[in-house]
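Please keep the sequence and the structure in view while reading.

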Amino acid sequence: MYKTQTKNFLLGENISISVLKETDSGAAHYALLKVGLFGMNVYALCALGEDYAFETVGASLEAAEGLFDTVVAQGVSPTHVFDVVSDFRKEGDM
């Protein structure tokens, strides 16, 4: 068995999270986040309401902003953010 020693693990020193956009609507409070890890970035959507959702949406800021704007405009509930992001990912694969 391997044991991870937190004090020797560099992840904590090489991760950053930034809020790029944040807005509140009737359905939820939404945020577009930039997560940096070892010099690479990925973007994520966060929705807080009666439920909670946190989904990564890829490395393209332009695509992430477009999806964020759509989610906010449509008032997607946190319960359905996973479905919207899944559809977004499938479209990218086609």
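## A nonpolar surface patch

Which residues make a nonpolar surface patch of about 370 Å²? The patch is made by Leu10, Ile15, Leu37 and Phe38. The model discussed here is a predicted one.

Two of these residues also face each other in the strand pairing: Leu37, in S2, is the bridge partner of Ile15. Phe38 lies in the loop between S2 and S3. With a relative accessibility of 51%, Phe38 counts as exposed, because the cut-off is over 50%.

## Overall layout

The protein chain has two helices and four strands. From the N terminus on, the order of the elements is β-β-β-β-α-α. The chain has 94 residues, of which 27% count as buried.

## Strands and hairpins

Strand S1 (residues 15-24) pairs with strand S2 (residues 29-37) in the antiparallel sense, over nine bridges. The hairpin that joins S1 to S2 passes through four residues. Gly26 is in the loop between these two strands and is exposed, at a relative accessible area of 87%. The C-alpha atom of Gly26 is 9.9 Å from that of Val76, although the two residues are 50 apart along the chain.

S2 also runs antiparallel to strand S3 (residues 40-48), and nine bridges join the two. Within this pairing, Tyr30 stands opposite Ala47 in S3. The hairpin formed by S2 and S3 has two residues between the strands. Phe38 sits in that turn with a positive phi of about 50°. Most residues other than glycine have a negative phi. Phe38 is a residue other than glycine with a positive value.

## Helix H1

Does the length of helix H1 agree or disagree with its number of residues? H1 (residues 61-74) has 14 residues, which at 1.5 Å a residue should span 20 Å; the end C-alpha atoms are 20 Å apart, so the two values agree.

The buried residues of H1 are Ala64, Leu67, Phe68, Val71 and Val72. Seen down the helix axis, these buried residues fall within an arc of 130°, so they line one face of H1. An α-helix has 3.6 residues a turn, so residues three or four places apart point the same way. The face turned away from the buried side carries the exposed residues Glu62, Ala73 and Gln74. After H1 comes Gly75, which has a positive phi near 65°.

## Salt bridges

How many salt bridges does the structure hold? There are two. Side chains of opposite charge can pair when their charged atoms come close.

Asp69 counts as partly exposed, at 39% relative accessibility, and Lys21 counts as partly exposed at 27%.

Glu55 forms a salt bridge with Arg89, and the closest N and O atoms are 4.0 Å apart. Glu55 belongs to strand S4 (residues 52-58) and Arg89 to helix H2 (residues 78-93), so the pair ties together parts that are 34 residues apart in sequence. Is Glu55 buried or exposed? Glu55 is buried, because its relative accessible area of 16% is under the 20% cut-off. Arg89, with a relative accessible area of 35%, is partly exposed.

Notes: Residues are numbered from 1 along each chain as its sequence is written. This is a predicted model: local features need pLDDT of at least 70, side-chain atom pairs count only at pLDDT 80 or more; totals for chains, interfaces and linings use all residues. Side-chain values use heavy atoms; hydrogens and water are left out. Two strands pair if DSSP finds at least two bridges between them. Buried means under 20% relative accessible area, exposed over 50%, partly exposed in between (1.4 Å probe, protein chains only). Patches are made of residues with over 30% relative accessible area and no salt bridge: like charges are joined within 9 Å, nonpolar side chains (Val, Leu, Ile, Met, Phe, Trp, Tyr) within 5 Å. Accessible areas come from the Shrake-Rupley method with a 1.4 Å probe; for residues, only the protein chains shown count as cover. A salt bridge is a side-chain nitrogen of Lys or Arg within 4 Å of a carboxyl oxygen of Asp or Glu. The expected span of a helix is 1.5 Å times one less than its number of residues. The arc is that of the directions from the helix axis to the C-beta atoms.
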